[in-house]
Amino acid sequence: MATLPASPEDLAARHGPHLAWEPPGGFAARSHIDRRVETHCCFCGQQCGVKLLVRDEQVVGVEPWEEFPFNRGKLCPKGVKRYLQNNHPDRLLHPLVRSGDGFARLPWDEATWQVVERLQRIQDRHGKDSVAVLGGASISNERAYLVGKFARLGLGTRHVDYNGRLCMVAAGTANKKAFGIDRAANPWADIPLADLIFVTGSNVSECSPITTDYIWRARDRGAKLVVVDPRLTPIARTADLFLPVRPGTDLALMNAILHAVVRLGGVDESFVERHTTGFDEVLATVMRYAPEDVERTVGIPAARIWEAARLWVQAPRTMLLHARGIEHHSKGTDTVLSCINLVLATGRIGRPGCGYASITGQGNGQGAREHGQRCNQLPGARDIENPEHRRHIADFWGVAEQEIPHTGATAPQIMEKIHAGEIRGLLSLCFNPLVSLPDANFTREALERLDCFVAIDFFLSETAQHADLVLPGALQEEDEGTVTSTEGRVLRVRQAVAPPGEARRDWEILGAIAERLGRGDKLKFSSSREIFAELREASRGGIADYGGITWERIEAQYGVFWPCPNESHAGTPRLFEGGRFYHPDGRARLHPVEHRPPAEQVSAEYPIWLTTGRVVSQFLSGTQTRRIGPLVELQDRPRVEIHPRLAAQLGIADGARVRVSSRRGTIELDAQVVATIRPDTVFIPYHWPGALAANQLTQRAYDPDSGIPEFKVSAVRLEAIATRGVVGVPAGRAA
Ligand SMILES: Nc1nc2c(c(=O)[nH]1)N[C@H]1C(S)=C(S)[C@@H](COP(=O)(O)OP(=O)(O)OC[C@H]3O[C@@H](n4cnc5c(=O)[nH]c(N)nc54)[C@H](O)[C@@H]3O)O[C@H]1N2
Ligand SMILES: Nc1nc2c(c(=O)[nH]1)N[C@H]1C(S)=C(S)[C@@H](COP(=O)(O)OP(=O)(O)OC[C@H]3O[C@@H](n4cnc5c(=O)[nH]c(N)nc54)[C@H](O)[C@@H]3O)O[C@H]1N2
Ligand code: SF4
Ligand SMILES: [Mo]
């Protein structure tokens with residue numbers, strides 16, 4: 001007969017008192033898990049499957065979800081440690097109102113009334129458009145749908161946009177122009193089938209870690225790899241050809257590669273003839289971009305450009321992948337078009353193992369840009385200025401067409417209008433602009449000018465610290481809903497635990513505000529599932545058509561790829577099969593695009609190029625990951641990457657304190673001397689706030705087509721700061 005578990009008294013009698021201690025939860029503490037919830041990582045657009053472990057109604061760990069086909073149990077450090085934010089002592093548990101220099105608690109009902117009264121007072125005095133709404137792309141499809149509808153029908157403002165405006169809108173704009181649809185052309189299962197992978201402006205290993213595995217699987221089959229980046233990133237170290245481009249010159253480089261491809265006879269004339277328009281104009285343009293003519297501009301020898309073209313021509317199946325490195329530019333849209341021109345001119349799309357994708361950034365970077373929280377868009381990725389689209393959505397919402405406002409300002413333009421006093425009230429959720437918008441000093445000035453600022457967040461972000469009212473939101477694992485991954489695969493996020501304290505889900509908060517605005521009938525829902533049912537119908541017939549997607553189908557198939565117009569449709573993993581594109585004539589468009597210099601130039605005073613981006617252990621503005629101990633241990637502060645040659649010129653040793661200045665501001669940080677960056681360029685990750693914020697240095701220069709900021713090019717000056725009287729000897733390491 002089993003005698004275990006022994007009582008503390010038995011143990012003490014048998015082994016002496018020092019062995020009598022039993023750990024809380026018993027000796028089987030590790031395996032005592034109440035449930036495992038199959039869901040997705042809350043961070044990047046890879047949307048890896050994870051199992052969250054729940055004990056006593058708290059998320060206490062993760063396990064791999066081996067069956068989920070995208071990542072098959074693999075996770076990056078952020079996915080493994082994300083659970084540590086759940087019970088963090090900084091979680092916001094009550095509504096807060098500004099009171100003196102700090103905040104005081106407020107009951108929900110009163111907080112909600114204050115939001116309504118204060119925003120309405122501004123609107124009564126200054127018009128509907130004097131209040132703006134900012135959303136984000138870490139929120140579910142359901143919430144993204146609600147944010148757009150809430151702004152337009154609840155507050156009646158035209159100014160609603162989201163943080164994805166800082167992310168991949170340049171790619172989205174170019175994709176729509178070229179293909180008539182804004183989504184990765186291929187499922188990731190196509191990557192291992194390719195013969196050449198061409199990666200540009202994407203630090204795959206640190207920022208879309210699971211994609212690395214797909215590329216390696218192609219490498220195992222003998223596929224070649226070309227990487228374009230000013231830095232020799234981890235994935236670049238494994239490349240057959242690495243092109244260390246000068247920041248801001250990719251358009252010239254891609255035009256030169258296409259030039260070489262044309263001269264090598266690599267154009268697929270039959271594909272161009274049958275499935276595209278615009279090739280002749282592009283041909284005329286790229287003929288002026290001989291590799292020998294652009295090598296000085298792009299900083300890469302002509303022979304290497306020819307080599308890239310040769311590898312492209314020789315490979316029967318190619319996959320071109322890019323991310324923000326070519327998109328965060330004042331010519332981001334045109335640069336993306338220069339990549340698409342290469343793909344289309346050579347007919348390398350719409351087949352297994354052959355295609356193109358801009359790798360999505362945020363968790364729901366794809367879905368959150370389809371359901372109408374963008375300033376120029378209605379649900380289903382419809383165009384807010386298209387009379388037919390407006391009528392369709394007005395009928396669906398049961399309002400007059402005139403009630404739907406027209407195009408509003410983009411997220412950075414909203415900040416400009418706040419600074420100018422034109423917008424006086426702001427409701428923001430899932431956005432930390434003080435850390436993430438360019439020119440942080442300008443953003444701070446703007447936030448201080450608001451008459452009323454309402455922030456919904458689960459932590460008191462740097463931006464929320466400027467709010468008049470802070471409403472405590474819920475983490476991804478405290479809500480349910482759907483997200484759409486980088487592949488265009490619609491996935492189910494499951495609730496693991498309830499929100500803590502008085503925290504509420506974003507849709508509950510917006511619903512309660514809407515009710516007091518007299519718009520509860522349109523905007524108050526009882527569950528995410530109910531919102532999905534409406535979103536799905538709203539999207540029907542649009543380009544981003546979710547009409548045939550149900551939560552049950554998602555579960556049964558590990559996700560459904562949109563477009564999926566009806567329930568008997570299998571979904572669309574691969575777009576453009578048979579060369580059919582989404583423009584009315586079915587053809588893709590090539591666009592002639594010309595190189596132009598970045599908005600800012602290096603000068604005698606600011607002689608060095610600065611580019612900014614990410615490290616593997618931190619996520620975006622860092623509100624979440626800077627609170628996760630093991631991730632902070634991996635890297636606790638930003639460092640400026642600098643080439644040994646430049647460092648020697650400036651008298652900067654590895655680890656030395658350095659002052660970095662641009663025309664906007666100055667920050668001080670430690671140098672990381674690395675041979676993996678161009679000698680004319682430095683790199684700073686942007687995840688830290690205040691005195692460490694890279695965005696103190698960046699500029700308010702935008703791409704005219706998409707509104708994306710030029711995060712990837714600024715001109716700066718570097719100076720060593722003498723510490724303890726010894727230049728270049730890092731503090732703490734001096735003998
Ligand atoms: N660890 C981690 N992962 C993330 C995120 C995160 O914050 N942390 N964020 C997610 C989000 S929202 C996004 S948008 C993605 C971003 O993913 P990525 O775009 O891959 O990341 P970035 O670091 O912004 O920039 C990518 C690369 O562009 C290079 N680059 C800079 N300037 C240029 C240029 O002019 N031309 C070219 N060709 N390359 C250039 C940089 O050196 C860098 O290696 O990552 C997602 N994944
Ligand atoms: N210099 C420089 N700047 C950049 C970039 C760069 O490469 N260089 N990259 C840009 C890019 S690609 C991006 S995507 C942006 C991102 O910039 P942000 O959107 O500002 O970054 P996040 O950290 O995602 O901010 C989201 C905030 O919302 C909260 N939050 C997260 N999920 C939810 C939710 O579900 N509900 C609510 N209510 N709140 C939530 C978080 O706690 C956080 O405070 O930064 C951009 N800024
Ligand atoms: S951060 Fe991205 S790659 Fe890492 S586990 Fe999460 S979804 Fe996967
Ligand atoms: Mo992003």
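The shell around ligand 2 is made up of 11 nonpolar, 13 polar and five charged residues, with Ala, Val, Leu, Ile, Met, Phe, Trp, Tyr, Cys and Pro counted as nonpolar, Asp, Glu, Lys and Arg as charged, and the others, Gly among them, as polar. The model is a predicted one, so local features need pLDDT of at least 70 and side-chain atom pairs pLDDT 80 or more, while totals for chains, interfaces and linings use all residues. Residues are numbered from 1 along each chain as its sequence is written, chains are lettered from A and ligands numbered from 1 in the order in which they are written, and side-chain values use heavy atoms, with hydrogens and water left out.

Back to ligand 2. In total 29 residues surround this ligand, and Asn163, Ser436, Asp457, Ser621 and Asn695 are the closest; a residue is near a molecule if one of its heavy atoms lies within 4 Å of it. Some polar contacts (pairs of N or O atoms within 3.5 Å) can be picked out. In asparagine 163, a side-chain N or O atom is 2.3 Å from an oxygen atom of ligand 2. Threonine 623 puts a polar side-chain atom 2.9 Å from an oxygen atom of the ligand, and asparagine 695 has one 2.8 Å from a nitrogen atom of ligand 2. On its own, ligand 2 has 910 Å² of accessible area, and the protein covers 98% of that (Shrake-Rupley method, 1.4 Å probe).

Where does ligand 2 sit? Its place is the largest cavity. A cavity here is a set of points, on a 1 Å grid over the protein atoms alone, where a 1.4 Å probe fits but cannot get out, and a molecule sits in one if more than half of its atoms lie within 2 Å of its grid points. Strand E17 (452-457) and strand E23 (608-613) are the elements that give two or more residues to the shell around ligand 2; helices (at least four residues) and strands (at least two) are DSSP runs, numbered from the N terminus. At the domain level, domain 2 (96-167 + 364-477 + 496-518) and domain 4 (608-720) each contribute at least three residues to this shell, with bounds from an automatic or database domain assignment.

Ligand 1 sits in the second largest cavity. The elements with two or more residues in its shell are helix H6 (204-207), helix H13 (324-327) and E23, and H13 gives the largest share, three residues. Of the 35 residues around ligand 1, the nearest are Cys207, Asp229, Asp250, Arg614 and Gln618. By class, the shell splits into 13 nonpolar, 14 polar and eight charged residues. Domain 3 (169-358) and domain 4 (608-720) each supply at least three of the shell residues.

Backbone atoms also turn up in the contacts of ligand 1. A backbone N or O atom of arginine 324 is 2.8 Å from an oxygen atom of the ligand, and a polar backbone atom of glycine 325 is 3.3 Å from a nitrogen atom of ligand 1. From threonine 200, a polar side-chain atom lies 3.4 Å from a nitrogen atom of ligand 1. The protein covers 99% of the 910 Å² of accessible area that ligand 1 has on its own.

Around ligand 3, the shell includes Cys41, Cys44, Cys48 and Cys76, along with Pro209 and Ile210. Helix H2 (77-81) and helix H7 (209-220) each provide at least two of the shell residues. The class breakdown is eight nonpolar, three polar and one charged.

Most residues other than glycine have a negative phi, and most peptide bonds are trans. Tryptophan 562 and proline 563, however, are joined by a cis peptide bond, with omega about -5 degrees; proline 563 belongs to the loop between strand E21 (560-561) and strand E22 (588-589). Arginine 72, not a glycine, has a positive phi of about 45 degrees and is in the loop between strand E3 (58-64) and H2.

Technical notes: A polar contact is a pair of N or O atoms within 3.5 Å; within protein, one must be able to donate a hydrogen and the other to accept it, and residues adjacent in sequence count only if both atoms are side-chain atoms. On a 1 Å grid over the protein atoms alone, a cavity is a set of points where a 1.4 Å probe fits but cannot get out, and a pocket is an open set with protein on both sides within 12 Å along at least five of seven lines; lining residues have an atom within 4 Å of a point.
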